[in-house]
Amino acid sequence: RNLQLLDDMVREKELAVQNTSDMLSACRLRSKMLAKQLDHVDMEIEREKEAGNVAAVSRLKAFSTRLFTELEREKEQELRLALTQKQNLVELWQIETEQGKYNILREQLQKHEEELQMQYQEERKVRIWKEKITALQAEGARRTREKREEEARRECEERNKKLLEDAKRNHEKAVCFLRQSMARIHEKNAKEEVKAQEHMERRIQAVLSLKTSITSNRQRLQTLQILNKAKALEAKKEEMKMREAIQARGGNVIREIFLHKQRQENEKKKEAFRELQKSRKMEIVSRILQERASIHKQRKSQSPTKAIKPRGKLVDPLLQISRIFKTCVLSPKSWRSPSACSLAAPQGESSENRPQDALWESGDEDTERDKSLLVPEFPGLWSREYELHKVPKAEDPTRLAIRTMRKQMAEKEMEALQTGILHKQTVPGQEHKGCAFHSKPSCIHFKDFEVGQTYKKKIVLTNASYSVNYCRLVGISEWLKDFISVHFDPPGKMSSGMSCEFLVTFKPMINEGLEGAVMFMAQTGPFSVPLKCSVKTCILALDKELIDFGSLEVGETISRTISLTNRGALGTRFK
């Protein structure tokens, strides 16, 4: 390295000497040219003086002075260049003398380089020989591989021949079976066609019979219309006779006819009401039987650990009243006589708390209860004749308003009792507010899911109200039904602080985030548990917000390390 440095310095100094000599020769050449120009200008000045041209003489004198100054400058430059040339030569000689000291080392270095080249050539020969050996080995391996491939190809051809022969045999067997199955299918189709023809004949006969019945019904309708017209004519005739009789008596014709029409309408209403009452009583009996059968099934399905409460034990009065109203209140679709309420109210216990043997003691009691439902407990319009000639007096408007308000309040209470929703739960000195059930966790969160996998979570619901409460599953959000399923067994009534569990299963089909809720209905009102499904995301975070190097000195180097962390479940690139 030192020898190379000395050689470089020699080359640089030689180049500097050459440049300086070139510049010196150029400077000398310029000074000669300037001297010649100065002589030429002096001759011009003499010539113009003789001619008497003062302006040209002054101009030439100025030009000669400028040339003289440039000549002086060139001479100074020539002296400086000669001095630098001498210095460069001296330095070059010093470096050459320094180089002469390392001639022995230079010769040793050349010998070492020659030896190294010889070593490189030997290594090259060894490497070429090894590569030839590996090439021969690769050629041998290639030949063995080709032999194996040829053997495998022959084995594959033999196997394919065997497979083709087996396939031909199987094809022949399949054709045979197919012929047999096609024959059976043809027989079956023929039988079905015969059946279809018979069915079509029956339908044709039914259509023909329907046609005949329609024609007969039309004739009957025509006859009924004729009879109705005749009855209307007879009614008009009777009305005319009645008018004539009343006029003959000297009475009020309009009032008497109006009362007569009212009597007829009331009789028709009574008949219709009796028929409706009979049908509703039949519905009540069938519903009671269905309720008993469902209670019997529930008691059979209950586990033996849930023991039945003995008779005479008091239950929640609100539940008892709601059950009595459910069985006794007159609904739009069903009607029950007041005797059912009178029978149910004094029991002091709900149907759920009765023992099974008490409910099903004997068939005689059931028949007596069914009979008692058919008889009203207090008389009404159906048990006495209404005096049509007595017109009711106009009532006080304040009484009418109070009556309507009471009626609306009673309807609201009945609706609340029928649906089983009580909007307030109170204990002495306190009133429950907020959601009746608390879920753990408060939000169902499926985090970092993958499409095609199945995820399950168990959620615990705790009764946070002050009394016994019920809970049932209403459903989930509409847009979650394709991905979320909820398994929930209603636990029945739950005391305050008791809890139940339900299982939520998530099967993602798309890689998108979802949000919704699982909706429940409690005795105190509806509530919901929020549900959220979030996809995998990358969350890059740094451990430092500010890179502080502190106080430094000039030329000092300080380094700081920063950690970049991906806290999400999705990998990412960064720069």
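This is a predicted model: local features need pLDDT of at least 70, side-chain atom pairs count only at pLDDT 80 or more; totals for chains, interfaces and linings use all residues.
Trainee: How far is the sulfur of cysteine 471 from the closest cysteine sulfur?

Mentor: The distance is 5.4 Å, and the partner is cysteine 500, so the pair is too far apart for a bond. A disulfide is defined as a pair of cysteine sulfur atoms within 2.5 Å. Taken from cysteine 500, the closest cysteine sulfur is that of cysteine 471, again at 5.4 Å and too far for a bond. The count by this rule is 0 disulfides.

Trainee: Is cysteine 471 buried or exposed?

Mentor: The terms rest on relative accessible area: buried is under 20%, exposed is over 50%, and partly exposed lies in between (1.4 Å probe, protein chains only). Cysteine 471 is buried, at 5%. Cysteine 500 is likewise buried, with 8% relative accessibility.

Trainee: How many salt bridges does the structure hold?

Mentor: In general, side chains of opposite charge can pair when their charged atoms come close. A salt bridge here is a side-chain nitrogen of Lys or Arg within 4 Å of a carboxyl oxygen of Asp or Glu. The structure holds 16 of them. In one, the side chains of arginine 142 and glutamate 146 meet at an N to O distance of 2.6 Å. These two residues lie in helix H3 (residues 103–249), 4 residues apart, about one turn of the helix. Helices (H or I, at least four residues) and strands (E, at least two) are DSSP runs, numbered from the N terminus. Arginine 142 is partly exposed at 31%, as is glutamate 146 at 40%.

Trainee: Which residues are linked with Arg142 and Glu146 in a network of salt bridges?

Mentor: Glu139 and Arg143 join Arg142 and Glu146 in that network. Elsewhere in helix H3, glutamate 150 and arginine 154 are also 4 residues apart, about one turn of the helix. Their closest N and O atoms are 3.8 Å apart in a salt bridge, and glutamate 150 is partly exposed at 30%. A further salt bridge joins lysine 481 to glutamate 478, with the closest N and O atoms 3.2 Å apart. Lysine 481 is partly exposed at 45%, whereas glutamate 478 is exposed at 57%.

Trainee: Which residues form a negative surface patch?

Mentor: Patches are made of residues with over 30% relative accessible area and no salt bridge; like charges are joined within 9 Å, and nonpolar side chains (Val, Leu, Ile, Met, Phe, Trp, Tyr) within 5 Å. Lys and Arg count as positive and Asp and Glu as negative, with His and the chain ends not counted; the charge is placed at NZ of Lys, CZ of Arg, CG of Asp or CD of Glu. The negative patch consists of Asp39, Asp42, Glu46 and Glu50. Glutamate 46 belongs to helix H1 (residues 2–51) and is partly exposed at 48%.

Trainee: What accessible area does the nonpolar patch on the surface have?

Mentor: Together its residues have about 750 Å² of accessible area; they are Leu540, Leu542, Ile547, Phe549, Leu552, Ile562, Leu564 and Phe574. Such areas come from the Shrake-Rupley method with a 1.4 Å probe; for residues, only the protein chains shown count as cover. Isoleucine 547 lies in the loop between strand S11 (540–542) and strand S12 (564–566), and is partly exposed at 45%.

Trainee: How should I read the backbone angles?

Mentor: Most residues other than glycine have a negative phi, and most peptide bonds are trans. Here, the peptide bond from lysine 440 to proline 441 is cis, with omega near 0°. Proline 441 is placed in the loop between strand S3 (437–440) and strand S4 (444–449). Aspartate 448, although not a glycine, has a positive phi of about 55°; this residue is in strand S4 and is partly exposed at 26%.

Trainee: What separates the C-alpha atoms of alanine 464 and histidine 438?

Mentor: The separation is 6.4 Å, for residues 26 apart along the chain. Alanine 464 is in the loop between strand S5 (455–463) and strand S6 (471–476). Another such pair is glutamine 18 and glutamine 85, 67 residues apart along the chain, with C-alpha atoms separated by 8.9 Å. Glutamine 18 lies in helix H1 and is partly exposed at 44%.

Note on methods. Residues are numbered from 1 along each chain as its sequence is written. Side-chain values use heavy atoms; hydrogens and water are left out.
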